[in-house]
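Have a look at the structure first, then read on.

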2 protein chains.
Amino acid sequence: MTETTTPTREVGVTELALRDAHQSLMATRMALEDMVDACADIDAAGYWSVECWGGATYDACIRFLNEDPWERLRTFRELMPNSRLQMLLRGQNLLGYRHYEDDVVNRFVEKSAENGMDVYRVFDALNDVRNVKQAIAAVRRVDKHAQGTICYTESPLHTVEGYVQMARDLMELGCDSLCLKDMAALLKPQPAYDIVKAIKDDLGSDVRIHVHCHSTTGVTLVSLMKAIEAGADVVDTAISSLSLGPGHNPTESLVEMLRGTPYTTNLDDDRLVSIKDHFAKVRPKYTQFMSAITGVETEIFKSQIPGGMISNMESQLRQQGAGDRLREVLLEVPRVRQVAGYPPLVTPSSQIVGTQAVFNVLMGPYKVQTAEFADLMLGYYGSTLGERDPDIVAAAQAQAGKEPIDVRPADLIPPEWDKLVSEATALEGCDGTDEDVLTYAMFPGVAPGFFVERPQGPKNVGKDPAEVAADELSKSSSGGGPVKGPIRYSVSMDGKAHSVTVERA
Amino acid sequence: MTETTTPTREVGVTELALRDAHQSLMATRMALEDMVDACADIDAAGYWSVECWGGATYDACIRFLNEDPWERLRTFRELMPNSRLQMLLRGQNLLGYRHYEDDVVNRFVEKSAENGMDVYRVFDALNDVRNVKQAIAAVRRVDKHAQGTICYTESPLHTVEGYVQMARDLMELGCDSLCLKDMAALLKPQPAYDIVKAIKDDLGSDVRIHVHCHSTTGVTLVSLMKAIEAGADVVDTAISSLSLGPGHNPTESLVEMLRGTPYTTNLDDDRLVSIKDHFAKVRPKYTQFMSAITGVETEIFKSQIPGGMISNMESQLRQQGAGDRLREVLLEVPRVRQVAGYPPLVTPSSQIVGTQAVFNVLMGPYKVQTAEFADLMLGYYGSTLGERDPDIVAAAQAQAGKEPIDVRPADLIPPEWDKLVSEATALEGCDGTDEDVLTYAMFPGVAPGFFVERPQGPKNVGKDPAEVAADELSKSSSGGGPVKGPIRYSVSMDGKAHSVTVERA
């Protein structure tokens with residue numbers, strides 16, 4: 001087939017292998033050690049940027065891998081000198097789960113820029129632009145790329161016009177680009193086209209738009225195609241050997257999809273093969289952490305619930321001896337979302353809404369609100385697009401003993417940097433750097449243990465596939481498997497043969 | 001998100017679960033028994049047609065499952081009274097591997113129509129229209145739906161104009177519709193659009209076009225989207241629990257992909273969920289037959305070699321102690337294809353070209369030609385788009401002791417029905433029906449054994465997942481796994497050290 005069109009526009013690609021891909025597929029467990037050998041190829045492949053840092057990778061580094069996340073960042077910087085390094089930042093939450101005072105936000109941005117970060121994708125789980133304002137201003141001050149994020153969700157209130165308004169609000173903050181972020185693979189081709197087109201039409205074609213989609217529902221490579229047709233400048237994909245399922249569309253499929261069209265990625269095919277081969281070898285080491293979802297799941301279009309959230313709720317229900325009530329919870333989630341004013345479902349709002357839905361099913365609607373859900377209803381996470389149910393707000397107020405607020409939540413937080421410094425530096429193993437203080441600030445429960453363990457060096461939790469097989473075998477042989485009965489062996493001891501029968505005592 | 005457009009055109013869907021899906025994913029091993037409970041839902045879901053019969057399913061029925069393929073067809077007919085049943089027919093090869101005389105072709109079409117077939121997708125591996133002419137005429141005579149097929153391939157000679165010419169040739173035979181068949185997932189979005197568009201523009205928008213794609217490369221759902229935009233009437237998909245990898249795009253993803261666009265499938269969502277749930281339960285029974293490919297594979301764009309063919313060649317090479325020479329063979333395949341005049345690679349041309357490439361690497365280029373490759377070079381499979389290399393044709397002639405031909409191969413076959421009848425009816429267990437004669441005609445090596453075994457009834461080769469796990473365990477424990485045994489231990493018992501060797505008795 002001769003190509004029918006000469007490409008007229010280059011589409012940039014953000015490679016997700018080093019952050020969101022292994023976060024989505026293998027519980028963020030990949031060790032830096034398993035990434036370094038791919039970095040030269042990634043650096044030379046021609047990506048627009050390399051996503052490699054975020055809340056979950058930071059958390060996993062100190063919680064499971066005994067890796068200093070800052071050291072990981074510096075390593076990436078050194079190994080990929082020609083690449084834009086990109087991170088995902090939860091606005092005023094930074095990489096943690098609460099709002100921080102502005103000075104902490106500023107320091108985090110300064111330190112990460114110093115250590116090598118280039119592109120900051122800043123989002124707020126409620127799409128409350130006030131919660132990303134400080135982080136975006138901080139990124140601009142250190143002269144790095146500030147990307148404002150629109151979390152894509154669907155509700156009776158969410159419209160193309162609403163997303164355009166949010167795009168306008170973000171651009172007024174001085175963003176260098178926008179991201180349309182589809183964390184649950186709900187963005188279908190037509191809305192993808194409509195939203196990107198409307199933003200370009202309204203704000204001008206020179207407004208850079210990046211599109212991030214997961215692949216869970218199987219439709220989003222088509223959505224990327226339509227977004228590109230509508231003018232999207234950069235799209236996010238993951239190398240094929242770390243793609244699909246609850247992860248992302250394969251980078252190589254994107255490249256091939258565009259052949260013959262007016263668009264091209266200009267990525268280096270040979271480099272992509274090397275990157276693919278590298279992660280194809282690494283992936284089996286993390287089988288134990290792999291997501292159970294491998295094919296596609298389209299029922300989430302109805303519940304709007306991301307895959308990871310469903311498995312969380314299942315485990316909560318099982319702990320309460322109510323493993324059979326998942327269907328009720330799935331029906332309850334959209335109702336809770338409506339009561340809460342239709343927040344997008346993304347960390348942390350997905351966990352807050354999901355847990356409240358479990359509570360409602362187990363104990364009756366809003367008989368008990370979780371502390372986090374009460375805070376959400378009272379405005380302590382920010383504002384939502386829809387009005388919150390006044391009765392439930394009143395109940396939250398009574399239960400939490402707090403007033404509803406409508407200011408930016410961080411405005412209520414007193415200066416806290418000095419306090420964080422003194423608390424952190426008092427910890428055994430803390431090296432007194434701002435980086436360590438930030439680790440403590442964002443993960444106060446995990447940091448103390450990490451500081452103590454750190455000198456022992458990184459711990460790779462991946463396993464050689466042969467080792468995994470041997471583990472499986474020993475697990476089965478110890479009676480955990482279907483074989484209940486005795487096993488007969490021929491045992492030779494000091495040269496003499498014995499017939500030995502073994503069974504579980 | 002409110003839908004932005006009112007659908008203006010219904011796109012038909014052919015469900016592949018009962019034929020190509022399990023053929024591509026689990027070596028065609030699914031028993032009828034594991035399909036029947038899904039038939040009511042499939043019948044009511046609103047599909048344009050249900051593909052359920054073809055060469056590999058027929059072969060697997062008599063070779064592995066001790067099922068009469070005609071009984072399977074009658075069962076489908078009974079269980080899906082409202083559906084168009086569809087089959088894949090290899091033109092003059094019927095469901096076998098050689099060319100048959102026209103009378104045999106006629107009888108096969110008559111008998112399958114009598115037993116319930118509605119839609120015949122007729123293809124020739126070389127895209128030689130002369131090889132599908134008789135089958136299409138036969139289908140028209142019994143008043144069933146005749147679909148002419150264009151096998152999609154790429155070469156310096158294949159152009160949009162060439163495909164349009166082939167479409168014209170097929171429509172002149174009186175086809176009710178056309179199929180653009182992409183057996184190797186090579187059809188990218190832009191060519192999909194260009195070919196469908198050009199055919200519609202040239203032959204008229206009322207010419208029905210069906211598009212069949214595999215999903216191996218990860219790009220073809222986008223290709224279906226573009227084909228639909230260009231006017232495709234029906235597309236082929238498989239229910240999600242039997243989709244992806246070397247199989248097909250998920251039916252539910254297609255449905256969701258079209259929401260908000262000017263197109264709709266009008267399929268019944270609840271029925272799709274039931275069908276999905278059914279096959280999600282069945283699939284694990286066939287784990288032992290599952291394809292090793294699970295993600296996407298885009299390197300085949302270079303070699304143009306379908307996934308199934310690569311595993312065939314690997315096993316041929318291993319048998320010759322040359323398992324390390326696959327890369328050479330992959331480079332040789334495109335050269336062999338060029339020498340042979342650029343045939344599409346699909347049964348049987350894929351096997352013929354692949355095996356010759358293996359021979360060339362092991363023994364030197366064309367030192368030995370397989371009998372089938374010599375026949376291909378001499379025109380005994382039909383004509384190809386490109387000229388065949390005259391030197392290799394001469395070598396084929398010398399080796400095979402046959403003249404090259406340029407007539408339709410079947411024209412050289414004398415009447416053979418009476419001979420087939422007398423041979424078949426002489427076999428133990430043959431019931432003397434035309435159906436049995438056709439089974440013998442197409443599978444003369446397998447039919448005799450099948451006729452003898454048939455009274456014992458169908459054999460389900462699927463296994464309960466628990467059974468599979470137990471098998472695995474016993475295999476591992478008996479030393480089939482990574483532990484080859486015997487294992488030597490130093491055992492200290494009551495304070496005294498012993499040398500102990502253990503192996504399974």
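**Barrel and helix packing**

Cys151(A) has Lys181(A) in β7(A) as its bridge partner. This is a predicted model, where local features need pLDDT of at least 70, side-chain atom pairs count only at pLDDT 80 or more, and totals for chains, interfaces and linings use all residues. Residues are numbered from 1 along each chain as its sequence is written, chains are lettered from A and ligands numbered from 1 in the order written, and side-chain values use heavy atoms, leaving out hydrogens and water.

**The sheet in chain A**
- Strands β6 (145-151) and β7 (177-182) of chain A run parallel and are joined by 5 bridges; two strands pair if DSSP finds at least two bridges between them.
- Helices (H or I, at least four residues) and strands (E, at least two) are DSSP runs, numbered from the N terminus.
- In chain A, β2-β3-β4-β5-β6-β7-β8-β9 form a closed barrel of 8 strands with parallel pairing.
- Neighbouring strands of this sheet are turned by 30° against each other on average, direction ignored.

**Helices α5 and α6 in chain B**
- α5 (102-114) and α6 (130-141) of chain B pack at about 40°, with axes 9 Å apart; axes are lines fitted to C-alpha atoms, for helices over the stretch in contact, and angles run from 0 to 180 degrees between N-to-C directions.
- That angle makes α5(B) oblique to α6(B) (under 35 degrees is roughly parallel, over 145 roughly antiparallel, 65 to 115 roughly perpendicular, the rest oblique).
- On the α5(B) side, the contact (heavy atoms within 4.5 Å) is made by Asp102(B), Val105(B), Asn106(B) and Val109(B).
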